[in-house]
Amino acid sequence: MYLLLVFAVVLLLAVLVSALAKRTILSTAVLFLAAGFFVGDGMLGVVELTPTSPVVGTLAELALFAVLFTDGMRVGWADLRSAWRLPGRALGWGLPLTLLITALLAHYVARLDWPEALLIGAILAPTDPVFAAALVGNDKVPARLRHLLNVESGVNDGLALPFVVVLLAVTAGSGDLHLTTLAWELALGIAIGVVVPWAAIRLERTRFFAVSPEYLPLNAVAIGLLVLALGKASHGNLFLAAFAAGITVATVGSAQREAFEHFGELVAEILKLAALLVFGALLAPSFFGEIPLAGWVFAVLALIVARPVALWISFLRSRLGPREQFAAMWFGPKGFASVVYGLLVLASGIAAADEVFHLVALTIVLSIIAHSSTDVLVARTFDDEELPAWRNRLDRVRRPFQRARAPEPHRPDGPDAADR
């Protein structure tokens, strides 16, 4: 009861300050995280939650499913094929390199054993553009950069999951890694995500069925719920199913995609903010006090070294400009996928579960604060109308010299050339 009351109050406050948040470094994501922190057990004690509380895992899972479904709906197969070069670099090179560099930092800085170090690398490798919304949603930011971040974040959550599951088994000392079962779950998730939307939209186009305009936005909601239910019942990979379903709707049902877009983003936003509030309630001053200095150093390096270095290597000899490359390197925020995977580790009961979760939670908190507070600032660097004052003054000083150095235009010869 109190959790719902707190969420309603904070949601209303977020709505009231949303216009201000778009223009400044104020972030609604940080607002919900901070609210959860203050009402949790460690501070005011209004909301009593533990990492094993059912609402925690359920809400995080639903939020991640909604995010991936709406992200997938932003692109179709044609979009992916025509603009796969940059996302392919980020996923093919950037994701494994980020995992390995994070694992190196976890082993040598946080002093984790190699299985746990690789596990935390897999958990923190996925990215989430939710906390860089001003960048991804700004039309003045180059389209290829926004496409890169959207596609990368939508695909890497599901790609990281097999590594998390396998490394969890290795860390637990299991002799059977269940690779066949894991491959079946991934394939089944993709199959559900493709077949269900395709069949539903094909049915709608038959002469026996017709959707009224009022119900059209609910069409994609029904598809998403059916994909979720079938994925849960069959143990298919929910997150790959969600992203594949979104892409399929965008590919074969442009009308459904357009009708659902605004409504779906609102639903996903509500679930994300609720999950963030719950995550914040799990944290407390004592929680952070339990993390040694080496853990804090690791969390900072995981943000400012792992992804920037991995993406810098991935984009060597690419056509990304310096500003675009810097934005892609910096905006690798850790979000709901990492939260869900961290909770999986906590529920697994492995010896280092608590230590891994502490490091994951700390990195996510620092990422949310850092990335959601700088997205507006970086997005403005792509807006020529909002250049800093010092840049405008410099351009005014340089302009006469540039004109002086410019070559004279070619003029045809002859006495009446001026009349031509």
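A salt bridge is a side-chain nitrogen of Lys or Arg within 4 Å of a carboxyl oxygen of Asp or Glu. Keep that in mind. Glutamate 152 makes one with arginine 307, and their closest N and O atoms are 2.8 Å apart. This pair ties together distant parts of the chain: glutamate 152 sits in helix H9 (residues 143-171), arginine 307 in helix H15, 155 residues apart.

Some ground rules. This is a predicted model, in which local features need pLDDT of at least 70 and side-chain atom pairs count only at pLDDT 80 or more, while totals for chains, interfaces and linings use all residues. Residues are numbered from 1 along each chain as its sequence is written, and side-chain values use heavy atoms, with hydrogens and water left out.

Now the whole protein. How many helices and strands are there? The protein has 20 helices and zero strands. Both kinds of element are DSSP runs (helices are H or I, at least four residues; strands are E, at least two), numbered from the N terminus. The protein has 420 residues, and 50% of them count as buried. Buried means under 20% relative accessible area, exposed means over 50%, and partly exposed lies in between (1.4 Å probe, protein chains only).

Next, contacts. A contact means heavy atoms within 4.5 Å. Take the contacts between residues at least 6 apart in sequence: 82% of those join residues at least 24 apart.

Back to the salt bridges. A search of the whole structure finds four.

Another bridge joins lysine 232 and glutamate 61, at 3.0 Å from N to O. This pair too links distant parts of the chain: lysine 232 is in helix H11 (residues 216-234), glutamate 61 is in helix H4 (residues 54-73), and 171 residues separate them. Lysine 232 is at 47% relative accessibility, so it counts as partly exposed. Glutamate 61 has a relative accessible area of 22%, so it is partly exposed too.

One more bridge. Glutamate 269 pairs with lysine 272, with the closest N and O atoms 3.2 Å apart. Both residues lie in helix H13 (residues 254-281), three residues apart, or about one turn of the helix. Why does glutamate 269 count as partly exposed? Because its relative accessible area is 29%. Lysine 272 is at 11%, so it counts as buried.

While we are in helix H11, look at asparagine 219, which is placed there. Asparagine 219 is buried because its relative accessibility is 14%. Which residues does it touch? Leaving out residues up to four places away in sequence, asparagine 219 touches Glu204, Val211 and Gln256.

The protein exposes about 20,900 Å², and carbon and sulfur atoms supply 66% of that. Accessible areas come from the Shrake-Rupley method with a 1.4 Å probe; for residues, only the protein chains shown count as cover.

Two patches to show you. Patches are made of residues with over 30% relative accessible area and no salt bridge; like charges are joined within 9 Å, and nonpolar side chains (Val, Leu, Ile, Met, Phe, Trp, Tyr) within 5 Å.

Here is the nonpolar patch. Tyr2, Leu5, Val9, Phe38, Met43, Leu44 and Val46 form it, with about 690 Å² of accessible area together. Its largest share, three residues, comes from helix H1 (residues 2-16). Leucine 5 is found in that helix, H1.

And here is the negative patch. Asp113, Glu290, Asp354 and Glu355 gather there on the surface. Asp and Glu count as negative, Lys and Arg as positive; His and the chain ends are not counted. The place of a charge is taken as NZ of Lys, CZ of Arg, CG of Asp or CD of Glu. Glutamate 290 lies in the loop between helix H14 (285-289) and helix H15 (293-314). It is at 53% relative accessibility, so it counts as exposed.

Last, two backbone angles. Arginine 111 is not a glycine, yet has a positive phi of about 65°. Arginine 111 is in the loop between helix H6 (85-108) and helix H7 (114-124). At 64% relative accessibility, arginine 111 counts as exposed. Histidine 235 has a positive phi too, near 65°. Where is histidine 235? In the loop between H11 and helix H12 (238-252). Histidine 235 is exposed, because its relative accessible area is 57%.
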